[in-house]
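Please look at the sequence and the model below before reading on. The text after them goes through the structure part by part.

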Amino acid sequence: CMGAVLGATLVGIDKSRAVHDYVRMCEAWFNESNGLNLVLNHQRQETGGSFWYEIWPHIVFYALSDRYPDKPRLTEIMHTTADRWCQACRDLAASGDVPNFDHTSHNFRTGQPVDNGRWKEPDAAAGVAWLQYAAWVKFQEPEHLDAAENCLRFLQNRTENPYYEVLLPYGVLVAARLNAELDRDYDVDRLLDWCFGISDCRGGWGVTVGRWGEYDCDGLVGSIDNRGGYAFTMNTFAQAAALVPLVRYDPHYARAIGKWMLNLSNSARLFYPGELPPEHQTSQFWQGDPKHVIAYEGLRHHWQGKSPCATGDPVTMNWGPKTDLGLYGSGYVGMLGSIVRPTDVPCILQLDCLATDFFRSTAYPTFLCYNPYPRDRSFQIDIGSARANLYDAVTHRFIAESVVQRVNVTL
């Protein structure tokens, strides 16, 4: 629910001024009545089950707080929960200042880590680093900055890839921001490589590469070895939202992120009904979405004799839903939709680097454009109605001055 409110917000829909104030309604996920004082996946929930289910709701909620500064209750909840996670960092630091996130979760009632004996979620450190840095930017309380840096130190000290679900890319962004804004020296290269490599804590987790059947399926996020690959809608949108702003803080990643986002944007359409033949979908029978705006939960390399196949877990695993279409992932499409816009040249996109850069300082409009062609190409970039100078942050030079609306650029 919060993902849908945030996704709509990012593409310009004020969800506080609809028939209902959906932004205020998101306060319902603040677990105050049970005394936990955390934003969780359900409105009455305990902690200790899974780090990412307990951290990701906070990231979404904080993003809403950033985009609705006129909602003081959101700010209050953000402050309260940031203090709670700051204390959790102290609880997880058995010795010294660096917390140990090599656990499944954390029990906020006992102040103790939780291990279920089956898996660990060390990329929780990245998610908490993002929460704490956001809190420091918002409230300027030094304990939040200290907590953010201690979380990154935990990741810096690791030699194995900690990627578990959706959180690691947010740690990459925090590391790059700290390097740029506070002159730190975090190893962004290694953290970013982990986001595209193969996880050591969750077998096969990574980013898809190559053709599945007759379709290019590069750049999607999920398992790369589950029946040949199983990419997920929500994870793909979330990683795009975290990593496109990265180039603002370290422009030398521009080419890599631009190339990846072009492939991701092309491949992500296959999550949607109507983009594959009916026999390559597991819920093609459902006619309740004639405009095909609800995506499947994911895309499999091979399923039911077809490659690729748009599908999900609900029907096969008998979760209760009657289709494999996933509202929980589809709601986040605003993350991708707010970033991506076409230009007049096919395959050259104009990616908005500010769209999902939450808790940032004032910035000029900033776009990433990548040329995948083997030769120079000229295209038109839309700069809006205000007269402006166009600056290339990679080459550090002005390439157009006193221009308005659209200008031709050669890459």
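Predicted model: local features only at pLDDT ≥ 70, side-chain atom pairs only at ≥ 80, totals over all residues.

Begin with helix α1, which covers residues 2-10. Eight of its nine residues are buried, so the helix is largely enclosed by the rest of the structure. The buried residues are Met2, Gly3, Val5, Leu6, Gly7, Ala8, Thr9 and Leu10. Their packing partners are three other helices: α2 (22-25), α3 (51-67) and α14 (333-337). Just after α1 comes Gly12, which has a positive phi of about 100 degrees.

Next, consider the sheets. Strands of a sheet pair through backbone hydrogen bonds, and the pairing can be parallel or antiparallel. Phe232 stands opposite Gly298 in β8.

A second open sheet has three strands in the order β10-β11-β12, and its pairing is antiparallel. The edge strands of this sheet are β10 (340-342) and β12 (367-368), each pairing on one side only. Three antiparallel bridges join β10 to β11 (residues 349-352). Pro342 stands opposite Leu349 in β11. Helix α11 lies across β10, β11 and β12, and runs at about 110 degrees to β11.

Now turn to the interior. In soluble globular proteins, nonpolar side chains tend to be buried together. In this model the largest nonpolar core has 122 residues. Which residues have the most contacts inside this core? They are Trp56, Phe101, Trp130, Ile257 and Met261. Helix α5 (residues 124-139) gives the most to the core, with 12 residues. A second, separate core has 10 residues, including Val345, Ile348, Ile381 and Leu390.

Ala147 lies in helix α6 (residues 142-156). Is Ala147 buried or exposed? Its relative accessible area is 4%, and because buried means under 20%, Ala147 counts as buried. Leaving aside neighbours within four places in sequence, Ala147 is in contact with Cys86, Cys89 and Gln132. Gln132 is 15 residues from Ala147 in sequence, while their C-alpha atoms are 6.3 Å apart in space.

The last topic is the aromatic rings. A pair of aromatic rings is described by the distance of the centres and the angle of the planes. The structure holds 16 aromatic pairs. One of them joins Phe196 and Trp260 in an edge-to-face arrangement, with 5.0 Å centre to centre and 90 degrees between the planes. This pair links distant parts of the chain: Phe196 is in helix α8 (residues 188-196) and Trp260 is in helix α11 (residues 254-268), 64 residues apart. Phe196 counts as partly exposed, at 30% relative accessibility, whereas Trp260 is buried, with a relative accessible area of 7%.

Phe237 and Phe271 form another edge-to-face pair, with 6.4 Å centre to centre and 85 degrees between the planes. Phe237 lies in helix α9 (residues 233-243) and Phe271 lies in the loop between α11 and β8 (298-300), so the pair ties together parts that are 34 residues apart in sequence. Phe237 is buried, with a relative accessible area of 1%, and Phe271 is buried too, with 0%.

Aromatic rings also occur in a group: Trp56, Trp130, Tyr170, Tyr332, Phe358 and Phe359 form one aromatic cluster. Rings can have charged neighbours as well. The charged end of Arg248 sits over the ring of Tyr249, 5.1 Å from the ring centre. Arg377 lies over the face of Tyr373, at 4.3 Å from the centre of that ring.

Notes: Residues numbered from 1 in each chain as written. Heavy atoms only, no water. Phe/Tyr/Trp six-rings, centres within 6.5 Å; stacked < 30°, edge-to-face > 60°. Helix = DSSP H or I, 4+ residues; strand = E, 2+ residues; numbered from the N terminus. Buried < 20%, exposed > 50% of the residue type's maximum accessible area, 1.4 Å probe, protein only. Lys NZ or Arg CZ within 6 Å of the ring centre and 35° of its normal. Pairing = 2+ DSSP bridges. Contact = heavy atoms within 4.5 Å. Axes fitted to C-alpha atoms, helices over the stretch in contact; angles between N-to-C directions. Core = buried A, V, L, I, M, F, W, Y, C linked by side-chain atoms within 4.5 Å.
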